[in-house]
Amino acid sequence: IAESNGCSSCHSATYAGKKGFSPSIRATGVTHKYTLTTWERMMNTGVTEDGGHVNKPMPVYHMPAAKSAPLYAFLTSLK
């Protein structure tokens, strides 16, 4: 799911982010701020964990929970 949605093109091949451009989305990166519920909401609607909106160039994926939940599990497994 991460690869087919192009996560690595912005967040690097290791999902550790690109300095000055995109944050790490590994377990120790911004993903740790999210619960599964808030992650699913962000990936579907673009609303972040604090009620704001994702910053461009991060797109809103309109991703259903069936895809965003496994993506969350994968990213939070990366230390």
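Predicted model: local features only at pLDDT ≥ 70, side-chain atom pairs only at ≥ 80, totals over all residues.

Guide: Residues are numbered from 1 along each chain as its sequence is written, and side-chain values use heavy atoms, with hydrogens and water left out.

Visitor: What makes tyrosine 15 and phenylalanine 74 an aromatic pair, and why is it called edge-to-face?

Guide: Rings of Phe, Tyr and Trp (its six-membered ring) pair if their centres lie within 6.5 Å; planes under 30 degrees apart are stacked, over 60 edge-to-face, the rest tilted. The rings of tyrosine 15 and phenylalanine 74 are 5.7 Å apart, centre to centre, with 90° between the planes. So the pair passes the distance limit and counts as edge-to-face. The rule gives 3 aromatic pairs in total.

Visitor: Why is this pair said to tie parts together?

Guide: Tyrosine 15 sits in the loop between helix H1 (7-11) and helix H2 (36-45), while phenylalanine 74 sits in helix H3 (residues 65-77), so the pair ties parts that are 59 residues apart in sequence. Helices (H or I, at least four residues) are DSSP runs, numbered from the N terminus.

Visitor: How do you know whether tyrosine 15 is buried or exposed?

Guide: Buried means under 20% relative accessible area, exposed over 50%, partly exposed in between (1.4 Å probe, protein chains only). Tyrosine 15 has 7%, so it is buried. Phenylalanine 74 has 34%, so it is partly exposed.

Visitor: What makes tyrosine 34 and tryptophan 39 a pair?

Guide: Their rings are 5.7 Å apart, centre to centre, with 85° between the planes, which is edge-to-face. Tyrosine 34, at 9%, is buried. Tryptophan 39, at 4%, is buried too.

Visitor: Which residues form a ring cluster?

Guide: Ring pairs link Tyr34, Trp39 and Tyr72. Tyrosine 72 lies in helix H3. Its relative accessible area is 16%, so tyrosine 72 is buried.

Visitor: What does tyrosine 72 touch, leaving aside its neighbours within four places in sequence?

Guide: Contact means heavy atoms within 4.5 Å. By that rule, tyrosine 72 is in contact with Thr31, Tyr34, Thr35, Leu36 and Trp39.

Visitor: What lines the largest pocket, by class?

Guide: The lining has 17 nonpolar, 7 polar and 4 charged residues. Ala, Val, Leu, Ile, Met, Phe, Trp, Tyr, Cys and Pro count as nonpolar, Asp, Glu, Lys and Arg as charged, the others, Gly among them, as polar.

Notes:
Helix = DSSP H or I, 4+ residues; strand = E, 2+ residues; numbered from the N terminus.
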